[in-house]
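Thanks for coming; I would like to walk through a few local features with you. Please have the sequence and the structure open while I talk.

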Amino acid sequence: MNKAYYILAAFLIILGVGLLVLPERDRPDEASPRELLGDLRNPSRFISTDKVAEMLIDKDPTLVLVDVRDMYDNLDFSLPGAHSIPLEEILVYDWVDSLAYEKSKVVLFSNSDIKAEQAWLLLKRENHNNIHVMKGGLNCWFETIIQPTAPPETAANDEIDRYEFRKGASIYFTGGSAPIETEAGAEPVVVRRKNKTQVVEGGC
Amino acid sequence: MTGPLIPMGAIGQSWDLVIALLIGMAFGYVLESAGFSSSRKLAGVFYGYDFTVLRVFFTAAITAMLGLLYFGYMGWLDLSMIYVNETYVIATIVGGLIMGLGFITGGYCPGTSMCGVAIGKIDAMVFTGGMFVGILIFSEAFSLFEGIYYSNSLGPVKVYDSLGLSSGVFALLLIVVALVAFVFARIIQNKVKKVDY
């Protein structure tokens with residue numbers, strides 16, 4: 001019989017024995033359901049729109065924004081520097097490792113929380129730990145950063161400071177136009193014109 | 001995990017048929033190159049003068065099995081996402097008998113008959129014609145066979161699970177069985193009178 005047959009037979013046996021002697025491999029790249037439940041209960045995955053705005057203004061290099069909406073929604077509007085990875089493609093490529101470093105903060109967002117939460121769950125299942133969700137999504141971004149509502153005059157200083165920050169952020173993100181809003185309960189200012197002083201005409 | 005490529009979304013589902021066509025063409029080319037478009041060669045396995053079919057298909061099965069198991073072990077392939085056909089016990093036995101009868105009388109299986117047709121073999125054309133008549137009868141009279149067709153469903157079971165073995169032990173056993181079969185096939189082939197075709 002041909003010598004090659006013996007070599008091939010030996011090769012197959014070695015591969016077969018190899019399957020037996022290989023140690024059981026841990027699968028650290030998948031979170032267990034119990035861990036996942038614990039993470040779901042923990043609200044630390046959320047990051048506020050204020051924090052995102054602050055990081056964007058500070059040009060924080062650790063921030064990696066990911067828009068999980070459809071590509072067309074992303075083309076209509078998105079946050080500055082955001083990467084578009086639609087939810088349907090969230091597991092297609094190992095993009096987390098290519099976009100983010102160990103210390104990076106990957107922040108997922110969609111119009112509301114729903115798609116971003118689904119994407120977070122899928123990525124968490126793959127054991128990515130630096131993934132966050134922008135709380136409230138772009139709807140909240142518009143309400144809080146682009147068109148902030150003024151707090152009442154009796155509000156705490158923190159709240160007023162936050163409002164001042166949001167007004168500044170709004171100017172930053174909308175290209176310099178300050179938001180126009182009326183303060184709650186403030187009376188409209190009535191401009192009273194003074195009667196012009198009659199200039200004495202003529203005379204002697 | 002990167003595979004399987006289509007269920008994982010690395011390749012869009014709309015490419016299914018294109019990929020199937022390319023794999024089918026490659027498969028047909030290999031079958032024809034191995035001489036499987038000859039009904040005499042295929043029938044040789046039943047008469048004992050040519051066991052090429054046994055060797056080729058058994059080796060292919062073992063190679064695929066080892067590839068899948070090692071890829072799964074390395075984390076390149078999610079084995080849980082591989083589609084496994086459901087097992088219908090009665091239908092499989094009846095279908096196997098009919099297929100075997102067709103194989104030994106016609107000298108072809110469905111794939112190899114297509115290879116024969118592609119190179120213009122008349123017996124392969126007759127076989128393929130018969131196959132399509134069979135498909136037509138089965139389709140038209142499906143309501144009669146439906147009971148048998150769906151009976152004794154075991155779901156997508158795997159042999160090693162039913163035997164209570166690990167996949168590694170089963171793989172090694174199958175390799176040993178294949179090698180023993182190859183040796184016996186060689187012994188039988190040497191004893192049977194050679195047929196020139």
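This is a predicted model: local features need pLDDT of at least 70, side-chain atom pairs count only at pLDDT 80 or more; totals for chains, interfaces and linings use all residues.

Asn152(B) sits in the loop between α7 (142-150) and β2 (153-155) of chain B, where helices (H or I, at least four residues) and strands (E, at least two) are DSSP runs numbered from the N terminus. Asn152(B) is not a glycine, and yet its phi is positive, at about 50°. With 45% relative accessibility, Asn152(B) counts as partly exposed, given that buried means under 20% relative accessible area, exposed over 50%, and partly exposed in between, with a 1.4 Å probe and protein chains only.

Residues are numbered from 1 along each chain as its sequence is written, chains are lettered from A and ligands numbered from 1 in the order in which they are written, and side-chain values use heavy atoms, leaving out hydrogens and water.

Lys59(A) is exposed, its relative accessible area being 61%.

Back in chain B, which residues of helix α5 (residues 110-118) are buried? They include Thr112(B), Ser113(B), Cys115(B) and Gly116(B). Seen down the axis of α5(B), the buried residues fall within an arc of 155° (taken from the directions from the helix axis to the C-beta atoms), so they line one face of the helix. Just after α5(B), Gly120(B) adopts a positive phi of about 85°.
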